[in-house]
Amino acid sequence: MTMTRRGFLSASAAFAAAPALCARAWAAPLPREADIVVIGAGAAGIAAARRIMAANRRVIVVEAEGQIGGRCLTDTATFEVPFDRGARWMHNPDSNPMIRLARNAGLDISAAPPGQNIRIGRRNARPGETEEFLAALLRANHAIDDASRGRADVPCASVLPKDLGDWAGTAEFMLGANATGKDLKDISVIDKARAQERNVAIACRQGLGTLIAKLGEQVPLSLSTPVSRIAWSARDVTVETPAGKIAARAAIITVSSNVLTAGNIKFTPDIPKRQLDAAARLSLGSYDRIALQLAGNPLGLSRDDVVIEQSNSPRTALLFANMGSSSLCSIDVAGSFGRDLSSQGEPAMIAFAVEWLTKLFGSEVASAVEKSGATRWNAAPFVLGAMSAAVPGGQPSRKVLSEPIGCMFLAGEATHETLWGTVDGAWDSGERAAEAALRRVGALRDAEPAVPPAPVRVPKQRRRGSPAKSAMPGAPIN
Ligand SMILES: Cc1cc2nc3c(=O)[nH]c(=O)nc-3n(C[C@H](O)[C@H](O)[C@H](O)COP(=O)(O)OP(=O)(O)OC[C@H]3O[C@@H](n4cnc5c(N)ncnc54)[C@H](O)[C@@H]3O)c2cc1C
């Protein structure tokens, strides 16, 4: 167990002298009490803790892993440039508080370049073909929007126009697996249509994991401390970990929907079936990144080029090439194909990436590989997947999941009705849960926010027939 936080430490010369990273490894006993305990140090947990600190209440974040970030995790050691193993893009810069916080923290923020390519076999799509693809995407989106206003919730795949021709598979990949981690046959039309437009994609040069870690620097937290049991009532809560118990007046639980349903945290009494069923309907899709450092630019692409292929098979991927002018490329696989592939292990994933790039760009790829690696989020024990997407009939579950359970409040991307599946949604959900918990402990009156609220993020009315921008190949979502 590593415990970090100046507030829980007496001023210590050793602490003051430790370099920044070592400070995080300072060991101290877990506090026995807090006003509010937060479980999980991902985006939702860090946002919640910061909100509670702003209200001058005692908070402790308890995190199972040895680092902050959860599904925002930047590898700064392996490749030439920071590699985001999880989330890479933020969206909606006009209303997204994380972008301001990132700038204030001195990190470099930039929009994804608009350029993108569609490959048809070994050549680029011609302008007319790209137009055809965008038209197919528009029609597919339009069909999903229309169906979401119908009486029954149905799978997105069942409402797609039947005449998308050669672009059917590519549209399915972009709207389904690539955008949500699930195939369109497994996603509710209502959930998909409610997703807020994710317009401009914004990256942080140092990585989104670096950003969340930076925003968590002043937060009292205990790393490598998996919560095993939570005893709760309407009045108080006790959180059990291998390092001891913490008593609090409220808890915010930010673990993923799959972690919640896996039963790794025991609840006494059990949490209501209503919430567990809701989490099951919001299970996580599969999304992984395969990293290849390729010497000598064998793909002949420019900095940060995004490439998809015309494919009528789910065995496809999205390429993000020459990241930040380096020779690092990310090949992203998702949905049921990505799940099968990642279950075969890292060597199989790397072999697929080389084979796929070779098919599209030629045979020099294999010999250019200098370094490689792959994420396997479905096997990460404290996450168990990538991002939530509702099964048909499951969209109301997002609201159910955010209902208080005694003095416990669930947060995390799955609880957000419009920004689900995103870091932005996770952050917002953490702030909201913190406000609810602060009210519960009497630290806030009903009409009083802990800190000035972030601008309300109302989903923009999508023009009839216009695709969510995230569905466009030039506005990457994941
Ligand atoms: C490969 C990939 C690419 C993605 N790309 C994007 C993108 O580009 N843009 C975007 O907006 N979103 C993206 N996402 C989704 C985004 O990462 C998530 O929506 C968001 O980070 C979720 O944050 P969270 O705080 O809700 O959950 P998490 O990040 O999962 O945080 C929950 C925390 O709880 C901890 N925990 C679990 N069990 C316990 C326990 N028993 N005790 C204590 N702690 C525990 C976990 O270790 C974790 O740190 C991507 C996700 C993946 C996997």
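Colleague: What makes up the largest nonpolar core, and which residues have the most contacts inside it?

Modeller: First, a note on the source: this is a predicted model, where local features need pLDDT of at least 70, side-chain atom pairs count only at pLDDT 80 or more, and totals for chains, interfaces and linings use all residues. Residues are numbered from 1 along each chain as its sequence is written, and side-chain values use heavy atoms, with hydrogens and water left out. Now the core: it has 45 residues, and Leu211, Ile212, Ile252 and Trp427 have the most contacts inside it. A nonpolar core is a set of buried Ala, Val, Leu, Ile, Met, Phe, Trp, Tyr and Cys residues joined through side-chain atoms within 4.5 Å. Apart from it lies another core, of 40 residues, with Val189, Ile190, Phe320 and Met323 among them.

Colleague: What does Trp427 touch?

Modeller: Contact means heavy atoms within 4.5 Å. Setting aside residues up to four places away in sequence, Trp427 touches Ala43, Ala44, Ile46, Ala47, Arg50, Pro97, Met98, Leu101, Ile212 and Leu215.

Colleague: Why is Phe409 called buried?

Modeller: Buried means under 20% relative accessible area, exposed over 50%, and partly exposed in between (1.4 Å probe, protein chains only). Phe409 has 5% relative accessibility, so it counts as buried. Its place is in strand E20, residues 408-410; strands (E, at least two residues) and helices (H or I, at least four) are DSSP runs, numbered from the N terminus. Beyond its neighbours within four places in sequence, Phe409 is in contact with residues including Ala250, Ile252, Ala433 and Arg440.

Colleague: Why does Asp183 count as buried?

Modeller: Asp183 sits at 14% relative accessibility, so it counts as buried too. You'll find Asp183 in the loop between helix H7 (177-180) and helix H8 (189-194).

Colleague: What makes the link between Asp183 and Ser336 a polar contact?

Modeller: A polar contact is a pair of N or O atoms within 3.5 Å; within protein, one must be able to donate a hydrogen and the other to accept it, and residues adjacent in sequence count only if both atoms are side-chain atoms. The side chains of Asp183 and Ser336 are joined at 2.5 Å, and that is a polar contact.

Colleague: Which residues of helix H4 are buried, and what do they pack against?

Modeller: In H4 (residues 97-104), Pro97, Met98, Ile99, Leu101 and Ala102 are buried. The buried residues of H4 pack against H3, strand E6 (109-111), strand E9 (202-204), helix H9 (208-215) and H16. At the N-terminal end of H4, Asn96 is the cap, with a side-chain oxygen 2.9 Å from the backbone nitrogen of Met98. After H4 comes Gly106, with a positive phi near 85 degrees.

Colleague: How many residues are around the ligand, and which come nearest?

Modeller: There are 40, and Glu63, Arg71, Trp89, Val227 and Val423 come nearest; a residue is near a molecule or strand if one of its heavy atoms lies within 4 Å of it. A nitrogen atom of the ligand is 2.8 Å from a polar backbone atom of Trp89, and an oxygen atom of the ligand is 2.8 Å from a polar backbone atom of Val423. Taken alone, the ligand exposes 1,000 Å², and the protein buries 99% of that; such areas come from the Shrake-Rupley method with a 1.4 Å probe, and for residues only the protein chains shown count as cover.
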